[in-house]
Amino acid sequence: MERTTALQSMSKGHRYLMYDIFIAYMAMGIYLTLIGSALPAIKEEYQISYQIGGMMMSAQQIGYLVMGIFVSMIARRLGAKTTYLFFGILAFVGLALMMANGNPIVLLFSMLLTGICKGSTANFGNQITSTLSNNDASLLNLAQAFFAIGTCMAPLIVVLCGASWRTSFAIAIAVGIIMLLHGAKVNIGPEAFVQETGSGKMDFGFFQKPIFWICCLLLMCYLAFEASVMGWLVTFFVDSGATTETIAQLLATALWFAVLIGRLASTWFAIRFRPQQMIPVMTLGVTVCFTVMLFSHTLFPMAVGTFGVGLFMAGMYGTTLGGSDNLIGQYPMCMGMFIVIPGIGAAATQSAIGTLADQIGIRGGMYFLYVLLVILVVSTLLFVRHQKK
């Protein structure tokens, strides 16, 4: 299999680095999903509104996009490994702060830290994977599959911990410590994480490429959609009266199990099909399945729609990066901009859902995601047209 060869052909040090990226992605999936799964309990215990909850999600997205701007610059000053390890542990500091204090300012700052960690991990992980694999879409999707493994584990951790969301956060922090100890042994050289030299001029030539802006739109829709589903799904199921909290956690597990299947499948399909063939299928599938999920009032169609959303949105990120005409390899700052620009849309979406939910209920707030779906359809058509040229 081409995917296996891409990993096995690497040197021992590069394989170890890729394994650390896989662990970091899994840990990221755990803590991001735990926050969404625990949000109803946090909301009830700390007596916060939907609007504050939306601001928390937006704070996370702001941290994510800020790191897209600055992580490469910081790596130039501190070194890639130091930057990777330091910012990679901040999410777990944020979880500890949320466990200790329910002040809205502390909660917002905690979520900002989780977003900074997410942005750093995504930037390093995607650029390292793309560089070491020569922009192989199958390996990019495989790395994203480990994120899905973490998201599958998180709701099960919540169910096992029962009412104690703090215990689930403590487990996530333990995973973060293991990740830090493993990462301390990695070596991130210039052949793995391309950096501009300290005196060199950063090249933003990718701004002139139409494919960059098309991919930004695709990534914005995906990131905002994923963050919204991850952050609000359990709250939506519980507060809309559709299910009990336990069933909602199980549905969240089913969603991320579907994401895992979808990303592993995307790894296989990426070897056999081109991105312009895969992305339209994903777009259509997400649109149909989200509609089924949102408008269902009984468990079976709701579960089918939820599973379908996870299945079809799973490969969007890696496939889009794989179809970006290798801009990441040509321009070191490009990956950061793929985080920043889509992250702005994702941050705005989180706040919009929270604000609308306070006014018309959580189901009404989720209707806002149809704006993203319209943009997703348009950007998919532009992507296919560009690739045909």
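Reader: To start with valine 378, is that residue buried, exposed or partly exposed?
Author: Valine 378 is partly exposed, with a relative accessible area of 44%, where buried means under 20% relative accessible area, exposed means over 50% and partly exposed lies in between, using a 1.4 Å probe and protein chains only. This is a predicted model, in which local features need pLDDT of at least 70 and side-chain atom pairs count only at pLDDT 80 or more, while totals for chains, interfaces and linings use all residues. Residues are numbered from 1 along each chain as its sequence is written, and side-chain values use heavy atoms, with hydrogens and water left out.

Reader: Which helix holds valine 378?
Author: Valine 378 is found in helix H17, residues 369-388; helices here are DSSP runs of H or I with at least four residues, strands are runs of E with at least two, and both are numbered from the N terminus.

Reader: And how far is valine 378 from cysteine 117?
Author: Their C-alpha atoms are separated by 31 Å, and the two residues are 261 residues apart along the chain.

Reader: Switching to threonine 283, which residues does that one touch?
Author: Not counting residues up to four places away in sequence, threonine 283 touches Met316, Leu376, Val377 and Thr380, where contact means heavy atoms within 4.5 Å. Threonine 283 lies in helix H11, residues 275-295, and counts as buried because its relative accessibility is 5%.

Reader: Now the helix packing: what angle do H2 and H5 make?
Author: Helix H2 (residues 12-46) and helix H5 (residues 90-100) pack at an angle of about 15°, with their axes 12 Å apart. The axes are lines fitted to C-alpha atoms, for helices over the stretch in contact, and angles run from 0 to 180 degrees between N-to-C directions. H2 and H5 are therefore roughly parallel to each other, given that angles under 35 degrees count as roughly parallel, over 145 as roughly antiparallel, 65 to 115 as roughly perpendicular and the rest as oblique.

Reader: Which residues make the contact between H2 and H5?
Author: From H2 there are Ala27, Tyr31, Ile35 and Tyr46, and from H5 there are Ala91, Phe92, Leu95, Met98 and Met99. By class, this contact has 9 nonpolar, no polar and no charged residues, where Ala, Val, Leu, Ile, Met, Phe, Trp, Tyr, Cys and Pro count as nonpolar, Asp, Glu, Lys and Arg as charged, and the others, Gly among them, as polar.

Reader: What else does leucine 95 touch?
Author: Leaving aside neighbours within four places in sequence, leucine 95 is in contact with Tyr31, Ile35, Phe169, Ala172 and Ile173. Leu95 is also one of the residues that touch the most other members of the largest nonpolar core, which has 133 residues, the others being Phe92, Ile128, Phe169, Phe225 and Phe338. Such a core is a set of buried Ala, Val, Leu, Ile, Met, Phe, Trp, Tyr and Cys residues joined through side-chain atoms within 4.5 Å.

Reader: Which helix gives the largest share of this core?
Author: That is helix H9, residues 210-239, with 19 residues.

Reader: Back to H2, how does that helix pack with H8?
Author: H2 and helix H8 (residues 165-183) pack at an angle of about 160°, with their axes 9 Å apart, and that makes H2 roughly antiparallel to H8. The residues of their contact divide into 17 nonpolar, 3 polar and 3 charged.

Reader: And what about H2 and H6?
Author: H2 and helix H6 (residues 104-133) pack at an angle of about 155°, with their axes 10 Å apart, which makes H2 roughly antiparallel to H6. Residues of H2 that meet H6 include His14, Met18 and Ile21, and those on the H6 side include Lys118, Asn126 and Thr129. This contact divides into 16 nonpolar, 6 polar and 1 charged.

Reader: Is threonine 129 buried or exposed?
Author: Threonine 129 is buried, with a relative accessible area of 1%. Leaving aside neighbours within four places in sequence, threonine 129 is in contact with Met18, Ile21, Leu139, Leu140 and Ala143.

Reader: Last one, where does glutamine 47 lie?
Author: Glutamine 47 lies in the loop between H2 and helix H3 (50-78), and is exposed, with a relative accessible area of 67%. The phi of glutamine 47 is near 55°, a positive value in a residue other than glycine.
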